[in-house]
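Subject: Structure for you to look at

Hello,

I am passing on the structure we spoke about. My notes on it follow below.

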Amino acid sequence: MSAKTPSFPFDEITLLQYAKYFSGTGMHLPLAGSGYFPGWAIIMAPLWWITSDPQTMYHLAIALGVVVGVVTVWPLTLLVERFSLDRAKSAAVAGIIMCMPSRTVQAGYAMSEKFLCLMIVCTALAAYRLAEGVSLRRAVQLSLLTSTLILTHARAIVVLPITIVWLVLLLRKQGRLALLSVSMTAGLGTLTFVGSILLNQHLLEFQFTQGYSIAGNVFSGASIILRTFLGQAWYQIVASLGIVVLGVVVLTQKVSRDWKSSKRVDAHLWMLAVGVGAFSFSVLAWANSAGLFTTSGRGRLDPAIYGRYSDPFTMLLIVAGLASIMKGLHELSFVWAAFINLIIIGATVLWVAPRALTWGIVTPAHVPGILSWGSSLPYPQSMSPGWLPSVYQHYDTWNWLMPTWTNLNRFWLHASAPTVAFLMMTALYMLVRHNGVKSSAAFIFSAVLVAACILGSLTSLPMVRNFQLKDGGKPNIVQSIDTIEDRYGTMKVAFDISCTPHQGSQGWALNAFSFWLQSRGLELTEHPEESKAPLLISCTDYKAKTGSDVEAISGANTFGYQLWALPGSSLYAHEKA
């Protein structure tokens, strides 16, 4: 997309620095943040053998992510074939799914999501292979892939209990193989999960906290949980044009049919449980009133419609839904799916949207499937970097504003309209197929979907680019240090950890500076006056507060931090003069 430099000092830089640790080339500073599981970092690690330049490394990581996304089409095609489509149609479905904005927008970030998608698809394929022909070798493959999936991201832990229960149901009549498969999957999965947490404890400045809010959010209250469910379900519907709900309906029917006819379970149950389970995990992760309705300042919109946590998993539901359309959808399945889609859209627009923080800030990677309608949001997104307060302060807020097509809350209706139109188009497609015009109707339907995906990705670019301008780029302080070193040679830099210009800014700055200045030997200090480094990164009021005899480097400020020249260096003498 438009990726040039990291724009997530936590999500991206943490994994890039973990990759440096695994490469053996050195990661000398602890990182700030809640932590990330290392699967994608391990894959990226060899890139640090090719280059030591941070910006080049980032470009290579982005390119590798794109390659992973392209490679995913192959196992995804094999997965789609399990829904009785031939190879050509399966490849078309896989290509359409990977071209949806929920996937293409993530190409602009060096985060785990692309590799996570690949591992989810491969694990699903392994589940189908085991269900098609039970054997120890296939059970081992599923166990190993499940563990690799967990290694990729903490929230993939939801797959472990689902896989264990599914194995028990699938192999309930094969005692020895069932015991071995369940024990192996549970053991490897748990070991991977615990080991990943311990690794984070070793590499992070603070404790690993990913997902720790879920237990508390269970008690947030029925209203908050329901609003979060509707907001995130609405996002999934809008991002997939309602296909995700059709997938739930189709998989539910297949699971019910399998059990009624032969009292057995198939991998359809695994797909359904993983998609719904991961979505439920995401709902509970964000079901708190602070993220939805209360705010000091501008606040955020994306917690109410968060999609990043569940997008890679709900892709499985989209596989089932889109494959069923291409194969020839049963009328009753479509009626149920259309009814559920319209109920969720209606409830969201009428009940969630009037109280949502529509004026709030949106992080593109968190809601990649709805960026096409960013122009319908009431106010421009903040362009203040990091955690600094928004420079755009002229916006209205409201306690309740029902969306209309033209008012400030219009975003919800604009984003919902294409899904309603797609449902109507699908009904027409089914009618044409029923009348015998199958091949040309399928081609036109596929072409419309491809065009919608391309258009959706292209119209997402403005918000992605604006976010890159906001939080990407090499920090001014780093650029100033580069200029100084061109004249005076490499210098050691100290970072004042007692300075916190704004809430959340220290961890943001620490990760960014540790990434960009890793070859300089960045020193962390609580007592800058004792540092021997000629350069200091501290608060903009450091000189006034401490009375220290330091000199500010002109134009060198980032995230509320200032670059200072400390006494005793030739640079200090030059700045003093």
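Is F10 buried or exposed? F10 has a relative accessible area of 17%, and it counts as buried because the cut-off is under 20%. Please keep in mind that this is a predicted model.

The domain assignment gives domain 1 (1–210), domain 2 (216–370 + 391–435) and domain 3 (476–576). The centres of domain 2 and domain 3, taken over C-alpha atoms, are 46 Å apart.

F8 is buried at 6% relative accessible area, and Y109 is buried at 1%.

F10 forms an edge-to-face pair with W508, with 6.2 Å between centres and 85° between planes. W508 belongs to helix α22 (residues 505–516), and the two partners are 498 residues apart in the chain. W508 is buried, at 8% relative accessibility. Ring pairs join F10, F495, W508, F513, F559 and Y561 into a cluster.

Two charged side chains sit over rings: K20 has its charged end 4.6 Å from the ring centre of W48, and R227 lies over the face of W351 at 4.0 Å from the ring centre.

On the surface, L332, V335, W336, F339, I340 and I343 make up a nonpolar patch with about 590 Å² of accessible area together. I343 is in helix α18 (residues 331–352) and is partly exposed, at 47%.

Regards

Note on methods: Residues numbered from 1 in each chain as written. Predicted model: local features only at pLDDT ≥ 70, side-chain atom pairs only at ≥ 80, totals over all residues. Heavy atoms only, no water. Patch = residues over 30% accessible without salt bridge, like charges linked within 9 Å, V, L, I, M, F, W, Y side chains within 5 Å. Areas by Shrake-Rupley, 256 points an atom, 1.4 Å probe, with all protein chains shown as cover. Salt bridge = Lys/Arg side-chain N within 4 Å of Asp/Glu carboxyl O. Helix = DSSP H or I, 4+ residues; strand = E, 2+ residues; numbered from the N terminus. Buried < 20%, exposed > 50% of the residue type's maximum accessible area, 1.4 Å probe, protein only. Domains from an automatic or database assignment. Phe/Tyr/Trp six-rings, centres within 6.5 Å; stacked < 30°, edge-to-face > 60°. Lys NZ or Arg CZ within 6 Å of the ring centre and 35° of its normal.
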